[in-house]
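Please look through the structure shown here before reading on. The paragraphs below are meant to be read with the model open beside them.

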Amino acid sequence: MAPSSTPRPRVLILHGIWNARSWVAPLAWRLRAEGFDAEVFGYDSVFGGPENAIPRLIDHLHANDGPTALVGHSLGGIVALETLRRAPELPVARVVCLGSPLRGSLTARNLARHAWSSHALGRSGPLLLSGCRAWEGTAQVGMVAGNVARGFGRLLARFEGDSDGTVSVEETRLPGLSDHCIVAASHTGLVFSAEAAHQAACFLRHGRFTHPEARETGTTVSPGVNRETPAGNGRVGAME
């Protein structure tokens with residue numbers, strides 16, 4: 001039988017601050033194994049920052065032949081949403097954020113308070129400090145958050161509730177998200193997590209997660225509702 005000529009869905013992956021393209025290579029590899037044509041978009045997160053990355057990303061997406069989904073780790077998720085906010089005509093139907101502090105980062109705010117560390121955020125500082133406005137765009141946005149509190153952020157911030165060690169789960173909850181799920185991973189570990197990649201693939205295909213916490217307990221979770229969030233987290237405006 002001749003091999004199928006059906007094109008693989010295109011996905012563009014954005015890394016976080018202080019990272020290079022190679023950092024998200026494991027995530028790209030897993031998404032390719034899930035059946036996607038995964039590519040990494042590299043940008044200078046410190047000296048260039050979002051104001052340099054966003055125009056380049058807009059040009060890149062306009063140049064692509066056909067629709068492209070976006071997957072962003074940490075700062076990369078914020079850059080993805082701000083890009084679509086500025087250019088809503090882009091052919092992007094779905095976005096997955098991995099541990100992105102969409103409501104602003106306490107870790108970043110604590111870094112910014114000290115002269116010795118404030119420069120570390122570079123030109124990405126303002127966006128990491130403020131976060132994003134409630135999402136009202138046409139693209140569906142899903143969030144995969146981690147709850148294993150390991151990482152650099154533990155030295156800089158004390159979080160109330162669960163965190164991935166750098167970003168709290170509450171910081172990932174933004175009004176307007178289509179769905180939200182939590183996996184057992186640290187902030188760095190989200191890039192290497194097989195479960196996080198699987199959840200991202202599910203959302204890219206179906207616009208919803210399978211909710212690993214529900215599979216473990218046998219609980220049924222409706223699309224767009226996080227079992228650990230009392231009021232849900234869909235576009236009705238509830239916080240994750």
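This is a predicted model: local features need pLDDT of at least 70, side-chain atom pairs count only at pLDDT 80 or more; totals for chains, interfaces and linings use all residues.

Residues are numbered from 1 along each chain as its sequence is written, and side-chain values use heavy atoms, with hydrogens and water left out. The pLDDT, which is the predictor's confidence in each residue on a scale from 0 to 100, averages 83 over the protein chain, and 80% of the residues score at least 70. Over residues 214-240 the pLDDT is below 50, and this stretch has 67 contacts in the model beyond near neighbours in sequence, a contact being heavy atoms within 4.5 Å.

The protein chain contains 8 helices and 6 strands, where helices (H or I, at least four residues) and strands (E, at least two) are DSSP runs numbered from the N terminus. Along the sequence these elements follow the pattern β-α-β-α-β-α-β-α-α-α-β-β-α-α. Among contacts in the protein chain with a separation of 6 or more, 72% are accounted for by residues 24 or more positions apart. Of the 240 residues of the protein chain, 55% count as buried, that is, under 20% relative accessible area, with exposed meaning over 50% and partly exposed in between (1.4 Å probe, protein chains only).

In soluble globular proteins, nonpolar side chains tend to be buried together. A nonpolar core is here a set of buried Ala, Val, Leu, Ile, Met, Phe, Trp, Tyr and Cys residues joined through side-chain atoms within 4.5 Å. The largest such core has 36 residues, and those with the most contacts inside it are Leu70, Val79, Leu84, Val95 and Leu102. At least two residues of this core come from each of β1 (10-14), α2 (50-63), α3, β4 (94-98), α4 (106-112), α6 (125-130) and β5 (140-146), and α3 gives the most, with 6 residues. Apart from this core lies another, of 26 residues, which includes Val96, Leu98, Val144 and Val191.

From its first C-alpha to its last, α3 reaches 17 Å, close to the 16 Å expected at 1.5 Å a residue, the expected span being 1.5 Å times one less than the number of residues. Threonine 83, which is found in α3 (residues 75-86), counts as buried because its relative accessibility is 0%. Beyond its neighbours within four places in sequence, threonine 83 is in contact with Ile54, Leu57, Ile58 and Leu90.

Helix α7 (residues 194-206) has 13 residues and reaches 18 Å, close to the 18 Å expected. At its start, a side-chain oxygen of serine 193 reaches to within 3.3 Å of the backbone nitrogen of glutamate 195, and the helix is followed by glycine 207, whose phi is positive, near 75 degrees. The buried residues of α7 include Gln199, Phe203 and Leu204. Alanine 196, also in α7, counts as buried at 0% relative accessibility; leaving aside its neighbours within four places in sequence, alanine 196 is in contact with Val144, Val183 and Leu190. The C-alpha atoms of alanine 196 and isoleucine 182 are separated by 8.7 Å, although the two lie 14 residues apart along the chain.

Histidine 180 has its place in strand β6 (residues 179-183) and is buried, with a relative accessible area of 0%. Its side chain makes a polar contact with the side chain of threonine 172 (3.0 Å); a polar contact is a pair of N or O atoms within 3.5 Å, where within protein one must be able to donate a hydrogen and the other to accept it, and residues adjacent in sequence count only if both atoms are side-chain atoms.

A search of the whole structure finds 0 disulfides, a disulfide being a pair of cysteine sulfur atoms within 2.5 Å. Cysteine 181 is buried, with a relative accessible area of 0%, and cysteine 202 is buried, with a relative accessible area of 7%.
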